[in-house]
Amino acid sequence: MKFKTFIGIDVSKLTLDICLITADGVIENFKIENKELSIKKFFKNLEESCLWGEILVCAEYTGHYSNPLKVFCIGQNIALWLESGAEIKLRSGVQRRKNDKIDAERIVDYAMRYVDKARLQTLDDKVIETVKSLSSERDMYIRDRAKYQSQVKDFEGYIDSDIYKAKSKRLKKQIISLTKLIGSIDKEIAQQFASSEKLTIQKEILLSVGGVGDKVATETIIATRGFTKFDNGREFSCHVGVAPFSFESGTSQRSRKKVSNRANKDLKTLFHMAALSAIRMKGELRDYFERKVAEGKNKMTVINAVRAKIINRIFALIRDNRKYEKSYIPSIV
């Protein structure tokens, strides 16, 4: 679709700073409340000068603060592109001034220059965002439960028995309550996935890969936005911090290949656990690990290679829209 009107939005908790550029090159700036009613009123006023189907809205992704804008745009079929602030900043050149109005102008400029790279929000993105919020809440409850469980274990035998019994009773009550909450969130996440045929199929494909469990599958779908954010396994490996890079400059600086610290550390940990799980299972990844270690390779280097293999396998299966099969032989058309 060829867009005629571009809108850049700097999103904050309370307000939206908007920069609009029309097909005639007219630039307008607005500031509205970050509320659904204000957003609806703003776009309603635009109907007089342009068609909603010819508008591209680009906004900096700011988590749940972007939700009112996202809900409205998806509901009204307005093209919405949520981009990371880091990506916009890196592609906007040297910046000497900063305020919300200028940020909105930089965002709309970014949208016009890189419109061919736009990744538009869909209904599946709404499901993914809901699952992301639920997963984050679930992790919080799991951390709290682990804290209470450690208290029950650590104090046993080290404090007065009567005090311990009373304390243990209260803590176990909290543990049971949190376990129920975690279970209810698991059901809600499952319902969200069930509402999207595409995401349901993707999760089934991921779970067919050795070493990949429910948590890894869910977080991978969230991070890749349903495999629309990254084009291949190499790009996602960079995001996770698995892909090694060489560091060289001129003739004096040389270093061995190593992974970057700019990575999603939580995902890196999850894929580390997935790699360890795959190595414990009988199969080619276990054989690969044992062969490389026998050759004298560093164990952590080999584990990192297994992580990369799992990621590349996932992307290949998603690309081919099929589950993993141990005896799979590609068909020749």
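**A chat about the predicted model**

Colleague: Leaving aside neighbours within four places in sequence, which residues is Ala 23 in contact with?

Modeller: Keep in mind that this is a predicted model. Ala 23 has its place in the loop between β2 and β3. Once its neighbours within four places in sequence are set aside, the residues in contact with Ala 23 are Lys 4 and Thr 5.

Colleague: Is Ala 23 buried or exposed?

Modeller: The cut-off for exposed is over 50% relative accessible area. Ala 23 has a relative accessible area of 56%, so Ala 23 is exposed.

Colleague: How many Å apart in space are Ala 23 and Ile 318, C-alpha to C-alpha?

Modeller: In sequence, 295 residues separate Ala 23 and Ile 318. In space, C-alpha to C-alpha, the figure for that pair is 38 Å.

Colleague: On to the charged pairs. Which residue does Lys 31 meet in a salt bridge?

Modeller: In general, side chains of opposite charge can pair when their charged atoms come close. For Lys 31, the N to O distance in the salt bridge is 2.9 Å, and the partner is Asp 17.

Colleague: Which strands does that pair of Lys 31 and Asp 17 tie together?

Modeller: The two residues are 14 apart in sequence, so the bridge ties together separate parts of the chain. Lys 31 counts as exposed at 52% relative accessibility, whereas Asp 17 is buried at 7%. Lys 31 lies in residues 27-33 and Asp 17 in residues 15-21, which are strands β3 and β2.

Colleague: What is the N to O distance between Glu 47 and Lys 44?

Modeller: Glu 47 is partly exposed, with a relative accessible area of 41%, while Lys 44 is exposed at 52%. Their side chains meet in a salt bridge, and the N to O distance is 3.4 Å.

Colleague: How many salt bridges does the structure hold?

Modeller: Some are joined up: Asp 139, Lys 215 and Glu 219 are linked in a network. For the structure, the count of salt bridges is 18.

Colleague: Which element gives the most to the lining of the largest pocket?

Modeller: That pocket holds about 1,500 Å³ of space. Of its 41 lining residues, the closest to the centre are Ser 84, Ala 223, Lys 229, Phe 230 and His 239. By class, the lining has 15 nonpolar, eight polar and 18 charged residues. Seven of the lining residues come from the element that gives the most, α5.

Methods
Residues numbered from 1 in each chain as written. Predicted model: local features only at pLDDT ≥ 70, side-chain atom pairs only at ≥ 80, totals over all residues. Heavy atoms only, no water. Salt bridge = Lys/Arg side-chain N within 4 Å of Asp/Glu carboxyl O. Helix = DSSP H or I, 4+ residues; strand = E, 2+ residues; numbered from the N terminus. Buried < 20%, exposed > 50% of the residue type's maximum accessible area, 1.4 Å probe, protein only. 1 Å grid on protein atoms, 1.4 Å probe; cavity = no way out; pocket = protein on both sides within 12 Å on 5 of 7 lines; lining within 4 Å. Points joined across faces, edges and corners; volume = space filled by probe spheres on them. Nonpolar A, V, L, I, M, F, W, Y, C, P; charged D, E, K, R; others polar. Contact = heavy atoms within 4.5 Å.
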